[in-house]
Amino acid sequence: MKKIRVLIAKPGLDGHDRGALVIAQALRDYGMEVIYTGLRQTPQQIVTAAIQEDVDAIGLSCLSGAHNELFPEIVSLLEQRNAGDIIVVGGGVIPWEDIPFLESKGIQKVFTPGTPTKDTAVFIEKAVYERDGIDQSIKEPPKKIDHIGIAVSSLEEALPFYVNQLHLKLEAIEEVVSEGVKVAFMKIGESRIELLEPIGESSPIASFINKRGEGIHHIALADDRIEDRLRELSENGVKLIHETPVKGAGGANIAFLHPKSARGVLYELCDKPSKEAE
Amino acid sequence: METEKKDFQSQFEEWKALTEKLIEKFPEKKEAFKTSSGIDIDRLGHPDHLDQHYMEKLGLPGQYPYTRGIQPTMYRGRTWTMRQYAGFGSAEETNRRFRYLLDQGQTGLSVAFDLPTQIGYDSDDMMAKGEVGKVGVAIDSLDDMEALLRDIPLDKVSTSMTINAPASVLLAMYIVVAEKQGVSQEQISGTIQNDILKEYIARGTYIFPPKPSMRLITDIFAYCAEYVPRWNTISISGYHIREAGSTAAQELAFTIANGIAYVDAAIETGLKVDDFAPRLAFFFNGHNQFLEEVAKFRAARRIWAKIMKERYGAKKPKSLQLRFHTQVAGSTLTAQQPDNNIVRVTIQALAAVLGGTQSLHTNAKDEALALPTEDSARIALRTQQIIANESGVTDTVDPLGGSYFIENLTDQLEAYVFDYIRKIDDMGGAVSAVEQGYMQREIHQASYETQKKIESGEEVVVGMNQYKLEDEPKPELHRIDPELQRKQIEKLETLRTTRDQHRVSARLEELRSGAKGTSNLMPLIINCVRDYCTVGEICGILREEFGEYTGI
């Protein structure tokens, strides 16, 4: 597939280009082709560059407060020059109260400080694919088995088998109070064994053990496109426990699929922050 | 060994005697400083025996190498200058904010100009669209400058102006406004940023190419050395280098390398180092890593003193002393849960104070969202007033000096800086390193690394990548009058029809021929502004003669 081309531009006189440079690099690292205009570009210059470079999208960065004047002008110049299909997004120091105005003027999305760069990349990618009618379905399987969750009544009693008999190394024990579990992780190859001990009677693990006894509870699949996959699964009639990802242990984004759709197996999709990625 | 020991001891006694004498003339804030428990607070904590190692590395405050501070009594004598950077909208509006801040106990002014002013465009220039009065005050002519400084006594208040490429023009306006107030140029005090190298590196408000830019700077050095003796002619700035994403070591190294370039340029034009070096000032960033920041400020003083002494043979103590302003790090402020920023600012400001800053700007909590409101600007000022009056850290000089960790960090930062300086020297100095994009690349790499660490969660930013709120409250924000640009353009049109156009043209042509030659441009620019030539017209002539820098 053709690489997505993006023009990162600094309209106006603002010289703060840390954000623009970081975004340019992050989009490149994501696999896009990025052209950076440099500082002090007029709306006309930006539009001309976008058309000449045949870009799919323009990312505007402005920290000086001139966004309300300059961003809409760029969109309307694009339209005048029959390039209204170029997707325009923006970022910088943009007060929240200006965002609806900018969106009403055709800026498709405004990314405020603190937005992870990947969110911006994913947004642009989706917008371009949607515009071009490109099938966004996922052809790739999940990356690997991230871990196998095993329900145990007591970590203290269960751990010696793994540590002393199987010689696995205990990495961490963590309480996830919101889920009512205490979790022990052990690495094995590129996956992990995750022992789950219930905290309190209301814990889902407690009811699992009451109903079915100790044993394998779930299988977690590592996936860096959870949201897309959940959407696709749901469209294809797969039942989900979580329609959108929630926070799990270690700051990961996770979502469970319903066992009814998977022959009784409880599957989890999980996307861990990249420092955890091996 | 024994005699050496005695020597250091007698040096210390001498210092004590000198300090006592100084206190007779400039008394400390209190007769005696005590803790809540009644324990006496020593002016200076120090080891029992001062040895060679101590004297070389730390020394005594007010003495070479100035690691512990540039004055012997530091804040026991006088608190740092609280200098809040402010400016927005019209000159009249900013004048009101200035007088409000002075009423609230601020002790110096700091002017923020809008981008058209900083880049030498008038408010009616096509390039100024959308930018007039946004990040600072719009100044087109002397008319605006008079309104900006109305009822502010320029013989008493010192003013810092964040202006670089057109620094000569704004300084000229300040001189003429003072003159109209009956204050001579010998009496005024303040600072212009005037640091063009970091504009190429990090801040982006350059106009001309490096060579003529350096000439404008050294013209100011020479003019002020003769006529404006209390003016700090440059504020060599690491602030923006850090904001652009550098590390602390890079901030220090690139700033000092730029400093070396300015000293070289001034010497090349025939100035003597001790004639201009006492008026060089610095501007650093007060960032998050508290202990490293304290060490950074201490290292900066020692490095500069060494360079001025060993590399340039400067003799005057004032030439060796690195004086600096600190602003806390705007880039660490979060748009999320903005109240948390007050706490960040406090810690960063405390580092600057423990590092011995001469003046300080504390950021307002809402600056990741917009310019500060009056309320948030007041809290920012209060933050430093609390440090100054309530924390007690000002009662003793360099309280962290002698800490194993701090001293070690100070030494290591110094080593880093000298490594970088060697590298930059090998490239032919800072000007040529900038032209090759060396510093820009180093900074970008560091900033991208930081971004990745924040996104992976390795670096925690409270309220942003951890401890988030589901529903962020939406704070009240400061708004700029959307009619401002129109009003400013009207004012400018009136000026253009009422001023003496013949004089304006004559002055501008004089400036042009001056720019073609080698004479000092400052007097010519003063003549221009006195006859109400605008910033855009003056810079326009210089653009035609010098050309424009277009980035690399």
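**Notes on the predicted model**

1. Chain A is divided into domain 1 (5-131) and domain 2 (144-276), with bounds that come from an automatic or database domain assignment. The centres of domain 1 of chain A and domain 2 of chain A, taken over C-alpha atoms, are separated by 40 Å.

2. On conventions, this is a predicted model, in which local features need pLDDT of at least 70 and side-chain atom pairs count only at pLDDT 80 or more, whereas totals for chains, interfaces and linings use all residues. Residues are numbered from 1 along each chain as its sequence is written, while chains are lettered from A and ligands numbered from 1 in the order in which they are written.

3. In chain A, 5 strands form an open sheet with parallel pairing, in the order S2-S1-S3-S4-S5; helices (H or I, at least four residues) and strands (E, at least two) are DSSP runs, numbered from the N terminus, and two strands pair if DSSP finds at least two bridges between them. Strand S2 (33-36) and strand S5 (109-111) of chain A are the edge strands, each pairing on one side only. From one strand to the next the twist averages 20°, where axes are lines fitted to C-alpha atoms, for helices over the stretch in contact, and angles run from 0 to 180 degrees between N-to-C directions.

4. Within that sheet, strand S3 (residues 57-62) and strand S4 (residues 87-92) of chain A pair in the parallel sense over 6 bridges, and the bridge partner of Ala57(A) in S4(A) is Ile87(A). Helix H5 (residues 117-131) of chain A lies across strand S1 (5-9), S3, S4 and S5 of chain A, and runs at about 165° to S4(A).

5. A second open sheet of chain A is formed by 8 strands in the order S7-S8-S9-S6-S10-S13-S12-S11, and here the pairing is mixed. Strand S7 (169-176) and strand S11 (246-247) of chain A stand at the edges, each with a single partner strand, so one side of each is left without a neighbour in the sheet. Helix H7 (residues 204-212) of chain A packs on the sheet and touches S6, strand S8 (181-188), S9 and strand S10 (215-222) of chain A, its direction making about 85° with that of S9(A); contact between two residues is taken as C-beta atoms, placed from the backbone, that lie within 7 Å.

6. The pairing can be followed residue by residue. Strand S6 (residues 144-151) of chain A runs parallel to strand S9 (residues 191-198) of chain A, joined by 5 bridges, and Ile148(A) stands opposite Ile193(A) in S9(A). S6(A) and S10(A) run antiparallel and are joined by 7 bridges, with Ile219(A) in S10(A) as the bridge partner of Ile148(A).

7. Which residues of H2(A) and H3(A) meet? Pro43(A), Gln44(A), Ile46(A) and Val47(A) in H2(A) meet Leu70(A), Glu73(A), Ile74(A), Leu77(A) and Leu78(A) in H3(A). By class, this contact of H2(A) with H3(A) has 7 nonpolar, 1 polar and 1 charged residues (Ala, Val, Leu, Ile, Met, Phe, Trp, Tyr, Cys and Pro count as nonpolar, Asp, Glu, Lys and Arg as charged, and the others, Gly among them, as polar).

8. In chain B, the axes of helix H10 (residues 248-268) and helix H16 (residues 404-426) come within 9 Å and cross at roughly 50°. H10(B) and H16(B) are therefore oblique to each other (angles under 35 degrees count as roughly parallel, over 145 as roughly antiparallel, 65 to 115 as roughly perpendicular and the rest as oblique). The contact of H10(B) with H16(B) has 12 nonpolar, no polar and no charged residues.

9. The contact between the chains takes 30 residues from chain A and 33 residues from chain B. Helix H1 (18-30) and helix H3 (67-80) of chain A are the elements that give two or more residues to the side of chain A that touches chain B, and H1(A) gives the most, with 4 residues. By class, that side of chain A has 12 nonpolar, 12 polar and 6 charged residues.
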